Structures are given as structure tokens and as C-alpha cells.
Amino acid sequence: MTEKNEINHKKELSLEQREELLKVLQARFENNMNRHKDMEWGKVQAKLEANTEKLWSLHEMERTGGEPDVVDYDKKKDEYTFYDCATESPKGRRSVCYDREALESRKKHKPENNAIDMAAAMGIQLLTEDQYRALQKLGDFDMKTSSWILTPADIRNLGGALFCDFRFGHVFVYHNSASSYYGVRGFRGSLRI
């Protein structure tokens, strides 16, 4: 694995890393209030500090270029949802095929990793099509890149996988062979805390 795809398997952050990440997340939260109207940073921070493994996952999202931010709050479950809110698909997660089966099926020119395994190692989930569309209501994302999304089993069983982008003022959902990979295609994740 290359350095950009390395995952810290300890799932712990140093005190300095935690403090720095919380500062970054707070600044992003305060600069993008349209993503989380009627939410208070203090409550989000308290939840983060009580869930250090989830904080580690947010660190991985940040480290790979995702720029995670709060996009939803579920009152019944008392859970905040973070999505990768980088303008383009996260740089540290591009040039990957869809999943391990697709990676292993390639005979030549294999990518270094796959989206499903990377997301699992980070403790996050790929966005679904509905989540991707919800994200696009908060801004314009993937105007030059594209992002793999969670693919329904019936499509995946036939060798395909889905990805999305935003062009001409619309979200487009496309299909590709799950083993394909491109320098401008990565994946966006979600995390519930």
C-alpha cells in the first residue's frame, strides 16, 4: 500500500491530533451553517469526545481529503451524520475500483485499493444514491470528478457498479464495470455518531 492509502489500524488519536481535528471540524461547521441549521457545535463536540473511535474515522476522512461536516441530526436516535463535503471527490481516495471482487478480477493494471474495503477500514459507509442527492442540495459537489456510490446487489451481481457526479445543474447516476477505475473517481463516505 502506498502512503496515501495507508490506514492507521490503532484507531486512536493522540491528544494533539484530537484537538487539531476538533478545531478543523468546528471551523468547517461554523463556516457552513447552511448544512446544519438549528444545530449547535457544543452538542456535536460533546458527542465526538464521547466516541473516540468515530473521531478516529473522521480523522481518516479528513486525512484523505474528504472535509467531513455535519449534514443531519436524528432526534430519535440522538445521532449526527457527517458526509464528505470536499468540493471534488476526496483526493486520497481516487483511482480505486469498486470492491475487492472487482480488484481481484483485474488481470492487468490493478489499482492499489478499492472503495468498499477502504471505507470499511476507515469505519465509514459509501454514500447511497439518496444520500448523494441530499448532499447536492447543500452545494455543488463533483463538478469535475465523480464518486462511487453504494450499489444495489442486483447490479453488482451482474458485474456493475454505480457512480455519480454533478454536471449541467443536475445529479447524474451512471454505471460502469466494478473493476474500472479512474484518476478522477473516488468515493464519498458517511458516518453516524
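Strands β1 (residues 68–74) and β2 (residues 79–84) pair in the antiparallel sense, over six bridges. Two strands count as paired if DSSP finds at least two bridges between them. P68 stands opposite D84 in β2. Four residues lie between the two strands of the hairpin, and D78 takes a positive phi near 50°.

This is a predicted model, where local features need pLDDT of at least 70, side-chain atom pairs count only at pLDDT 80 or more, and totals for chains, interfaces and linings use all residues. Residues are numbered from 1 along each chain as its sequence is written, and side-chain values use heavy atoms, leaving out hydrogens and water.

## Overall fold

The protein has seven helices and eight strands. These are DSSP runs, numbered from the N terminus: helices are H or I with at least four residues, strands are E with at least two.

The C-alpha trace spans about 50 × 40 × 30 Å along its principal axes. The radius of gyration, taken over C-alpha atoms, is 16 Å, which agrees with the value near 16 Å for a compact globule of 193 residues. That globule rule is 2.2 Å times the number of residues to the power 0.38.

## Burial and contacts

Buried residues make up 46% of the 193 residues. Buried means under 20% relative accessible area (1.4 Å probe, protein chains only).

Contact means heavy atoms within 4.5 Å. Among contacts between residues at least 6 apart in sequence, 64% join residues at least 24 apart.

How values were computed. Buried < 20%, exposed > 50% of the residue type's maximum accessible area, 1.4 Å probe, protein only.
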